[in-house]
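Below is a short briefing on one protein chain, arranged by topic. Please look over the sequence and the coordinates before reading on.

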Amino acid sequence: MITPINLRVVKSSYKKYKTLLVDVLINILSFSLLIVAQQIVALPIISRFYDTNQFGKIVIAFGISNIITSMFGFSIGNARFLDQKVYNSIYLKMLKISSVFLFFICFIIYYFFFSRSYIDGFIYSIICVLGSIRYFILSEYRVKDTHNWVFKQNLNYLLGILIGLVLFYFQRNWLMIFLMAEIISVLFSLYYLQKDNFLKKFEDNSSLKLTNTIHLIINNGASYSLMYYDRFVIYPILGAVNVSLYYSAAISSRIGGLIINPFSNFILGKLAGKKEENNTERIINLVILGSIFGTILYFILSIITTPILVAILYPNFLAKIKDVFVPICLGAAIMGGVNILKPVIMKYMGAKYYNRLFLVYGVMLIILSIFLCIKYSLLGVAIANTISSAVLFIWLLVSLRNYSKDKKIMNN
């Protein structure tokens, strides 16, 4: 028999999980917009105006900008969740200092490795600095739990891409596309935040341990570097043409990864706001099951969509890369499962513990990739990714399971 008390509990639980589900869907939709802007609209169009060798270099430059901006803006923002002094002034100081550092290091990288043009180096640096600020702003939306503004920020980014494509048609400079995207996205976000006195909220001048920030910088830098690792392995061994080929083959799995990574940080933000509870074991079991289910679903979807996307976006490459679809999709699916486990590992076992495991994974991935790339070309890189990802995934599953058992024993 359902009593009024039980009915209230059911309604409360339904409302709670309905809100959580809506937040998850908004976040997935939001980062799908970002992926559409970058991976479906901008880069495929750019590829049609450059030869395979030039496009390979553009892909590398674009990857470097994502690595660098995520190391700083993303990491400093996410550290606010773990340190729980969300309006400590040190966060803003770190963002300002890192922006100056980013400008100069990005200018040097682009000028010396991609284009001997001062103007292009300047534009590339501005793109990276604004990207870092855009990532930092995301943390404020998560602190305030206003996920609609994540969607609006990425919608503005897509709008900027479209405006940039118009400029690209006249100037033929691919950097203008991403410059307009960053300018419009950041300006609209700052306009909204300024009305809420965002910058004035950072009044907490108390001391702050930077352990979590440092580990997140290391982790995000390593995560995004290894996400684009194939470019840095393939380029010196097989050349820029093969960078283009592998990039096009991994388009579907890369899209999934770019959704899963922000989703992982969304979970971290939700967990960070919770106090230690007695249902830790239940949370861990749900996440383990979710990671296994997510991996299987991710693989099925990516193996179906990859040939279709390549045929549409990069039709000239399709015949050359059919053999690498399965290992690329499998490796990406396993890393999707890893990214579902990652926030829970960081919450309960610490960012430092996760980084140690990730370091082993990174070393294994790079060594295997180099040796297998030399012997089996692009197929070797894909196989190396699958093996390394599987080892990390199993290791994380075992670690979480052991932690859950130890926690249960302590509570009893």
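Leaving aside its neighbours within four places in sequence, which residues is Leu43 in contact with? They are Gln38, Phe55, Phe62, Phe178, Tyr247 and Tyr314, where contact means heavy atoms within 4.5 Å. This is a predicted model, in which local features need pLDDT of at least 70 and side-chain atom pairs count only at pLDDT 80 or more, while totals for chains, interfaces and linings use all residues. Residues are numbered from 1 along each chain as its sequence is written, and side-chain values use heavy atoms, with hydrogens and water left out.

**Overall make-up**

- The chain has 15 helices and 0 strands; these are DSSP runs numbered from the N terminus, with helices (H or I) of at least four residues and strands (E) of at least two.
- Of the 412 residues in the chain, 54% are buried. Buried means under 20% relative accessible area, exposed means over 50%, and partly exposed covers the range in between (1.4 Å probe, protein chains only).
- Contacts between residues at least 6 apart in sequence join residues at least 24 apart in 82% of cases.

**Buried positions**

- Leu43 belongs to helix α1 (residues 4-47) and is buried, at 0% relative accessible area.
- From Leu43 to Phe55 the C-alpha to C-alpha distance is 8.9 Å, and the two are 12 residues apart in sequence.
- Helix α9 (residues 240-249) is mostly covered, with 9 of its 10 residues buried. Among them are Asn242, Ser244, Tyr246, Tyr247 and Ser248.
- Ser369, in helix α14 (residues 351-376), has 0% relative accessibility and counts as buried.
- With neighbours within four places in sequence left aside, Ser369 is in contact with Tyr229, Val233, Val381 and Ala384.

**Packing of α4 and α6**

- Two packed helices are described by the angle between their axes and the distance between the axes.
- For α4 and α6 the angle is about 35° and the axes are 9 Å apart. Axes are lines fitted to C-alpha atoms, for helices over the stretch in contact, and angles run from 0 to 180 degrees between N-to-C directions.
- The α4 and α6 crossing is left-handed, which means that the near helix is turned anticlockwise from the far one by less than a right angle.
- On the α4 side the contact includes Ile123, Ile127, Leu130, Arg134, Ile137 and Glu140; on the α6 side it includes Phe178, Leu179, Glu182, Ile183, Val186 and Leu190.
- The residues of this α4 and α6 contact divide into 17 nonpolar, 3 polar and 4 charged. Ala, Val, Leu, Ile, Met, Phe, Trp, Tyr, Cys and Pro count as nonpolar, Asp, Glu, Lys and Arg as charged, and the others, Gly among them, as polar.

**Salt bridges**

- The count comes to 2 salt bridges, each defined as a side-chain nitrogen of Lys or Arg within 4 Å of a carboxyl oxygen of Asp or Glu.
- Arg134 and Glu182 form a salt bridge at 2.8 Å, N to O. The pair links distant parts of the chain, with Arg134 in helix α4 (residues 118-143) and Glu182 in helix α6 (residues 175-195), 48 residues apart.
- Arg134 is buried at 2% relative accessible area, and Glu182 is buried at 5%.
- Lys201 and Glu140 form a salt bridge, with the closest N and O atoms 4.0 Å apart. Lys201 lies in the loop between α6 and α7 (211-227) and Glu140 in helix α4, so this pair ties together parts 61 residues apart in sequence.
- Lys201 is partly exposed at 28% relative accessibility, whereas Glu140 is buried at 1%.

**Positive phi values**

- Arg172, a residue other than glycine, has a positive phi near 55°. Arg172 is placed in the loop between α5 (148-171) and α6 and is partly exposed, at 39% relative accessibility.
- Ser377 is not a glycine either, and its phi is positive at about 60°. Ser377 lies in the loop between α14 and α15 (378-411) and counts as partly exposed at 30% relative accessibility.
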